[in-house]
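Hello,

Here is the structure I promised to pass on. Please open it first, then read my notes below.

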Amino acid sequence: MSVIGNFIGGERVASTSGRTGPVYNPATGAQIATVALSSADETRAAIANAEAAFKIWSKVTPLNRARVMFKYKELIEKHADEIATLISQEHGKVFSDAKGELTRGLEVVEFACGIPHLQKGEHSLNVGRGVDSYSQMMPMGVCAGISPFNFPAMVPMWMFPVAIACGNTFIMKPSEKDPSTPLRLAELLKEAGLPDGVFNIVNGDKEAVDVLLTDERIQAVSFVGSTPIAEYIYSTASAHGKRVQALGGAKNHMIVMPDAEPSQVVNSLMGAAYGSAGERCMAISVAVCVGDEVADHLIKDLSENIATMTVGAGISDGPEAHMGPLITREHADKVLGFIDSGVAEGATLVVDGRNFVVSGHENGYFVGPTLFDNVKAGMRIYQEEVFGPVLCVVRVNSYEEALNLINAHEYGNGTAIFTRDGDTARNFVENVQVGMVGVNVPIPVPMAFHSFGGWKRSLFGPLHMHGPDGVRFYTRMKTITARWPTGLSAGPEFTMPTMK
Ligand code: NAD
């Protein structure tokens, strides 16, 4: 069985820690590899490598850094099928969805191609007579990224292309559940011309992560994962003087107003709730129907649509399934436990995804699409992130009630409203306490040239990922005030300079 190691100093290297974790094919339940769980010392060695590379890479001109990104874009496009296959094999999502996530990551590379423009800084002529001022966006140094299992390509690509384009070097600690994709992405970046040591991958668990959070050579930490870990990452790394952005979990609501177009609502909800088996931080897991008529209609439409869904392996010889398995047996069991709790707490189970077997894949981690009606705010399936193919319908009497429900929830990642009424939509956009908002768009993931991030317990730290916030996160400002002999005053000045 192959052992997945690290990528340090421009090459794949075996780990010496002696600790490994299993990597499964979720569609079959078979173990397909083991992944190294790197030691603290190996992680420190990777940081030393990245620190040495920073001295060289930070002096490479922005134009030449951009040229590496242009070449990288070309290579990712060329190898898209191969990368999507790796994603699908270890994550389980269907092939076309895997290609979709790669495209969203590729868009960040395209954004990073514009770094000479993005990192220009600011300049003011004559802030005082004969005095000029300019601000330079300097790279930070060695930065680190820690990513979750659900987007093994896209989430790392939210981080490292921008960080590296800004002149930093980077240590990536991918999810130990599906580690092969980031390694391939690292190899292609080397092929694109990136000098050795600029981008390193350390596979592992808490032992490696804790070094990244505390080692004084790390300047900034980007994290995406569950909220308890995001909070730990934020508090530990910031206590060690680092800049941190830590994105956490979600419970994304979609309001369905009585005037919404029913077919648009049901089509949008099907994809947003069950795409990627609900293992998306922007999946819609709660539909809030305003009025019983809307809810009755929606439940009927959803039930009919779910009956036509196909569930199967991410890659198969036949027609592609709509969704695949969950990531691990443990996670599938957790999702099944949530369904049990919904039933026990009195929600109406309309479509039951338990005891779901895909023929030929009896040991795969499949949970069927599940639909609950009459879910109430106090229930566990409403309060907690399920991260599976489980959609909850909550019935309310008014738009205000729906808005208050969303604003009272601890998470604030994404949300959407479906309506034809501009006034209601405008009120929602203004008053909802959520970071990413869709109007008749179910999964409003911002494009690479905007920034991605939630509010409340979905994000710890002030800056969102990629887009303008990404460039701000991976640079620090240095502001220079300069005068030359013609601007010098005759004698010493003892009062506060006011630049007249
Ligand atoms: P996770 O929090 O279990 O793991 C994320 C990363 O943290 C992994 O690399 C893991 O190895 C590491 N980690 C886990 N426990 C740790 C510990 N005790 N100390 C240090 N490091 C630790 O998350 P996951 O299960 O891989 O991913 C699913 C979660 O990610 C969901 O909650 C989902 O909402 C969230 N997510 C959020 C976003 C977003 O943009 N907000 C995007 C994708 C996923």
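α2 passes α7 in a right-handed crossing. Keep in mind that this is a predicted model. α2 covers residues 62–78, and α7 covers residues 180–191. Their axes come within 9 Å and cross at roughly 130°. The two helices are therefore oblique to each other. Which residues of α2 and α7 meet? On the α2 side they are Tyr72, Leu75 and Ile76. On the α7 side they are Leu188, Leu189 and Glu191. By class, this contact of α2 with α7 has five nonpolar residues, no polar ones and one charged one.

Next, look at α1 and α8. Helix α1 runs over residues 40–57, and helix α8 over residues 206–214. Their axes come within 8 Å and cross at roughly 40°. An angle under 35 degrees would count as roughly parallel. α1 and α8 are therefore oblique to each other. α1 passes α8 in a right-handed crossing. From α1, the contact uses Ala40, Thr43 and Arg44. From α8, it uses Glu207, Ala208, Val211 and Leu212. The contact of α1 with α8 has four nonpolar, one polar and two charged residues.

Helix α6 spans residues 154–165. It packs with α4 at an angle of about 10°, and the axes are 8 Å apart. That makes α4 roughly parallel to α6. Here is the list of residues that meet:

- α4 brings Glu101, Arg104, Gly105, Val108, Val109 and Ala112.
- α6 brings Met154, Met157, Trp158, Pro161, Val162 and Ala165.

The contact of α4 with α6 divides into nine nonpolar, one polar and two charged residues.

Now step back to the domains. How is the chain divided by the domain assignment? It gives domain 1 (3–248 + 458–480) and domain 2 (252–439). Note that domain 1 is written as two stretches of the chain. The C-alpha centres of domain 1 and domain 2 lie 31 Å apart.

The two domains touch. In that contact, 20 residues of domain 1 meet 24 residues of domain 2. On the domain 1 side, the elements that give two or more residues are α3 (80–91) and α4 (95–112). α4 gives the most, with four residues. By class, the side of domain 1 that touches domain 2 has eight nonpolar, nine polar and three charged residues.

Last, the ligand. How many residues surround the ligand? There are 27. The closest are Pro148, Gly225, Ser226, Gly249 and Cys281. The shell around the ligand has 12 nonpolar, 10 polar and five charged residues. Which domains supply the shell? Domain 1 and domain 2 each give at least three residues to it.

To recap, α1 with α8 is an oblique pair. α2 with α7 is an oblique pair too. α4 with α6 is roughly parallel. α4 also gives residues to the side of domain 1 that touches domain 2. The ligand shell draws on both domains.

Best wishes

Conventions. Residues are numbered from 1 along each chain as its sequence is written. This is a predicted model: local features need pLDDT of at least 70, side-chain atom pairs count only at pLDDT 80 or more; totals for chains, interfaces and linings use all residues. A residue is near a molecule or strand if its C-beta atom, placed from the backbone, lies within 6 Å of it. Ala, Val, Leu, Ile, Met, Phe, Trp, Tyr, Cys and Pro count as nonpolar, Asp, Glu, Lys and Arg as charged, and the others, Gly among them, as polar. Domain bounds come from an automatic or database domain assignment. Axes are lines fitted to C-alpha atoms, for helices over the stretch in contact, and angles run from 0 to 180 degrees between N-to-C directions. Angles under 35 degrees count as roughly parallel, over 145 as roughly antiparallel, 65 to 115 as roughly perpendicular and the rest as oblique. A crossing is left-handed if the near helix is turned anticlockwise from the far one by less than a right angle, and right-handed if clockwise. Two residues are in contact if their C-beta atoms, placed from the backbone, lie within 7 Å.
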